[in-house]
Amino acid sequence: MELVCPAGSLPALKAAVDNGADAVYLGFRDATNARNFPGLNFDMDEISQALDYAHQRGSRVLLALNTYPQQAQWQQWTRAVDQAAELGVDAAIIADPGLLRYAAKTHPSLRLHLSVQGSATNRHTIAFYHEELGIQQVVLPRVLSLAQVRQVVETSPVAVEVFGFGSLCIMVEGRCALSSYITGESPNTCGVCSPAKAVRWEETPQGRQSRLNGVLIDRYKNGEAAGYPTLCKGRFRVGENIIYAMEEPTSLNILDILPDLMQMGVAAVKVEGRQRSPAYVAQVTRVMRAALDSCAQDPEHYKPAADWLAALDKVSEGQTHTLGALHRTWQ
Amino acid sequence: MKLSLGPLQYFWPADKVREFYRQVAEWPVEIVYLGEVVCAKRRELKLQDWLQIADMLTEAGKEVVLSTLTLLEAESELASLQRICENGDFKVEANDMACVRLICARPFVAGPHLNMYNASTLQLLKDNGAIRWVMPMELSAATLADIQAERPQGMETEVFVYGHMPLSFSARCFTARAHNLPKDQCQFRCLDYPHGMPLQTQEDEEIFIVNGIQLQSGLSCNLLGEMDKLNELKVDILRLSPQAEGIKEVIDAFDAARKGEQVAELPLAGQQWCNGYWHGEAGMVNVSKQFAGN
């Protein structure tokens with residue numbers, strides 16, 4: 001099982017490669033990818049350097065082109081696909097069906113992965129993208145139970161990649177427009193969710209408050225840790241109660257079920273966080289590498305070490321973790 | 001322009017659903033989308049029941065399309081989907097590529113959740129049998145104009161013009177969560193909320209509506225004031241979303257407006273609307289419109 005790690009900068013890429021990532025994924029510094037954040041990502045020259053650095057050390061580089069190009073900007077996305085082929089990246093991670101078709105027709109030797117933003121949650125959808133558009137790997141949305149992942153792996157015509165660690169999307173990726181409803185920008189359209197430019201913090205007599213384009217996302221008591229105001233992790237009123245109506249701030253962590261994933265034939269496990277620091281990438285990559293190696297060596301006796309979990313919790317949202325949908329025992 | 005009634009997003013008792021569509025038979029909509037699109041656990045009506053309603057509406061002169069689930073995970077869900085695709089009588093609306101595959105190039109409607117953001121994707125779907133596409137919620141009139149200029153020949157365009165917009169889908173059930181129930185023991189609480197459950201900020205601003213595994217826009221989208229633009233952009237079909245009360249009056253207003261009558265406002269007092277997506281802004285925004293002659 002391969003370890004796929006994020007890089008939002010050259011130092012982060014080096015951190016991933018140096019700490020044992022089999023592959024590193026990154027994006028151009030524009031709206032063609034789903035981490036279009038200020039100060040992040042790569043230009044052509046930096047990707048060249050990234051490719052050299054990774055390839056010399058036996059790691060691969062995957063380029064995320066995983067937003068949905070609208071008609072007026074179509075050429076910008078197809079140019080990005082051309083550049084990916086020209087640079088010789090090891091695969092392009094794409095979500096848009098039209099763009100996948102362009103890539104498959106124009107650059108038949110470019111390996112294509114279906115992005116998590118492509119919302120492929122079942123074998124028919126994966127087969128469609130494989131038969132029609134030639135994808136060779138699929139990244140599963142974080143909505144499937146472990147049993148469902150197993151079923152997909154058993155019936156998928158292509159390699160299956162799952163998320164292993166990082167911030168947790170609880171909606172079907174690629175099918176969430178909550179962010180654009182509040183701010184005008186979403187992952188699909190602009191490569192951002194709850195964008196930083198729409199965030200406002202306020203100190204009030206009731207405590208600290210976070211707003212997104214004016215909409216109150218959360219209110220914190222004195223001394224309570226305040227997290228980034230991602231829309232789906234705010235506290236809202238539903239019925240009588242004010243609750244985390246969608247999800248608590250927490251991170252996905254699959255270390256507990258690593259042997260299951262390995263045994264069922266999952267091809268790759270992905271770490272979220274191109275927006276995070278090189279230190280985060282180094283830390284998470286190191287722990288995941290150790291866990292994967294330990295599990296591969298002796299899956300029967302594998303057990304996540306306490307210091308791995310502690311190290312990961314330290315860089316987790318809300319300093320806590322969950323298996324997300326994977327722990328569901330029902331449909 | 002034709003009017004369509006989109007698929008029912010909420011979970012209503014079977015009798016209420018049948019009664020609702022008996023009324024729809026008399027309303028001035030040309031197309032009716034039927035079936036469960038949100039949650040596979042909602043089984044008040046089986047496929048046979050939906051087909052009975054479909055027959056009744058067909059006899060009343062409506063074009064009926066069977067709509068399908070947006071999130072498909074379990075094998076049982078795929079099997080149900082296949083039965084719908086192979087019904088033999090009615091066209092199907094696909095909201096996931098699994099449906100597009102199972103349709104096997106028979107004529108189908110590409111639903112709003114297929115992520116069609118450009119003409120290249122439309123062409124791909126047309127090559128697989130799509131005869132119509134429904135614009136995704138978050139696209140603007142400007143993007144629609146760009147796509148329409150490149151739209152594959154013979155493909156109809158449908159735009160969601162009225163109702164709470166379906167914005168996201170999850171594996172978790174937010175209605176069950178609001179009742180502190182696990183999803184597999186949800187007790188079908190959605191039945192208690194024919195309009196869904198409002199989700200408000202701590203300042204009582206209604207930003208979303210909780211509808212099982214789906215979240216909808218807190219405000220209802222309303223493009224009644226955009227009739228000229230919709231015409232100019234050669235939109236073929238206007239989609240209105242079913243709601244428990246008042247939808248007949250809304251349909252009448254759109255019916256009058258498409259016939260060229262001046263209808264400045266919907267007959268629902270005190271409601272707030274949004275149309276931000278259409279204007280390229282945040283979806284929740286209401287861009288007020290200057291009516292010609294006002």
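A polar contact here is a pair of N or O atoms within 3.5 Å; within protein, one must be able to donate a hydrogen and the other to accept it, and residues adjacent in sequence count only if both atoms are side-chain atoms. The model is predicted, so local features need pLDDT of at least 70 and side-chain atom pairs pLDDT 80 or more, while totals for chains, interfaces and linings use all residues. Residues are numbered from 1 along each chain as its sequence is written, chains are lettered from A in the order in which they are written, and side-chain values use heavy atoms, without hydrogens and water.

Select D255(B), in helix 9 (residues 247-258) of chain B; helices are DSSP runs of H or I, at least four residues, and strands runs of E, at least two. Its side chain makes a polar contact with that of R258(B), at 2.9 Å.

Next, show both chains. The contact involves 65 residues of chain A and 67 of chain B. The rule finds 8 salt bridges across this interface (side-chain nitrogen of Lys or Arg within 4 Å of a carboxyl oxygen of Asp or Glu). Pick R175(A) and D96(B), whose side chains form a salt bridge at 3.0 Å, N to O. Then select helix 5 (residues 119-127) of chain B, which gives the largest share of that chain's side touching chain A, 6 residues.

Finish at strand 8 (residues 171-176) of chain A, joined antiparallel by 2 bridges to strand 7 (residues 156-170) of chain B. Here M171(A) stands opposite S170(B).

Note on methods. Contact means heavy atoms within 4.5 Å. Two strands pair if DSSP finds at least two bridges between them.
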